[in-house]
Amino acid sequence: MADINILVLADHAEILETMIRLINKNDQWQGTGVSTLEEARLAFKINTFDLVLLGVGVNDETESPILRLCDSVAPKTVCMRHYGGGSGLLYSEIKHALAQR
């Protein structure tokens with residue numbers, strides 16, 4: 001069973017799918033992918049997230065509301081950008097973000 005729930009928000013379907021697949025390779029992590037702010041709001045209604053990764057296509061117009069959403073619904077949730085760079089960097093970023101909680 002996953003100990004860490006991670007929400008990934010990205011509007012590029014293939015990259016989102018890849019990120020979720022990589023996250024879910026870790027038995028302790030459970031990734032949920034969404035491609036819009038509205039989907040993120042719905043995801044927060046049905047789950048609690050430890051980390052929110054903002055990926056491809058998340059611009060300032062989307063980033064600000066998602067940060068406000070995290071602050072209001074789950075203030076202990078870490079929100080961070082993921083710029084790509086492969087699975088090693090993704091794992092490292094996640095571990096670093098979770099260590100800061």
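This is a predicted model: local features need pLDDT of at least 70, side-chain atom pairs count only at pLDDT 80 or more; totals for chains, interfaces and linings use all residues.
In the largest nonpolar core, which has 18 residues, the members that touch the most others are Ile 6, Val 8, Ile 23, Leu 51, Leu 53 and Ile 94. By a nonpolar core I mean a set of buried Ala, Val, Leu, Ile, Met, Phe, Trp, Tyr and Cys residues joined through side-chain atoms within 4.5 Å, where buried means under 20% relative accessible area, exposed means over 50%, and partly exposed lies in between, computed with a 1.4 Å probe on protein chains only. At least two residues of this core come from each of strand 1, helix 1, strand 3, strand 4 (78–81) and helix 4, and helix 1 gives the largest share, 5 residues. A second, separate core holds 15 residues, among them Leu 7, Leu 9, Ala 40 and Val 58.

Residues are numbered from 1 along each chain as its sequence is written, and side-chain values use heavy atoms, with hydrogens and water left out. Helices (H or I, at least four residues) and strands (E, at least two) are DSSP runs, numbered from the N terminus.

Let me turn to helix 1. This helix, residues 13–24, has 12 residues and reaches 16 Å from its first C-alpha to its last, close to the 16 Å expected at 1.5 Å a residue, the expected span being 1.5 Å times one less than the number of residues. Its buried residues are Leu 16, Met 19, Ile 20, Leu 22 and Ile 23. Around the axis they cover an arc of only 165°, which places them on the same side of helix 1; the arc is taken from the directions from the helix axis to the C-beta atoms. The face turned away from that buried side carries the exposed residues Ala 13, Glu 14 and Glu 17. The buried residues of helix 1 pack against strand 1, strand 2, strand 3 and helix 4 (87–99). Contact here means heavy atoms within 4.5 Å, and, leaving aside neighbours within four places in sequence, Ile 23 is in contact with Ile 6, Val 8, Trp 29, Gln 30, Gly 31, Leu 53, Leu 90 and Ile 94.

Now to strand 3. Leu 51 and Leu 53 point one way from this strand while Val 52 and Leu 54 point the other way, and all are buried. Strand 3 runs parallel to strand 1, to which 4 bridges join it, and Leu 9 stands opposite Leu 54. Strand 3 also runs parallel to strand 4, again with 4 bridges, and there Val 52 stands opposite Cys 79; two strands pair if DSSP finds at least two bridges between them.

Helix 2 comes next. In this helix, residues 37–46, Leu 37, Ala 40, Ala 43 and Phe 44 are buried. Seen down the axis, they fall within an arc of 110°, so they line one face of helix 2. Lys 45 and Ile 46, on the other side, are exposed. The cover over the buried residues of helix 2 includes strand 1 (4–9), strand 2 (29–34), strand 3 (51–54) and helix 3 (60–73).

A polar atom of its side chain lies 3.2 Å from the backbone oxygen of Thr 48.

How values were computed
A polar contact is a pair of N or O atoms within 3.5 Å; within protein, one must be able to donate a hydrogen and the other to accept it, and residues adjacent in sequence count only if both atoms are side-chain atoms.
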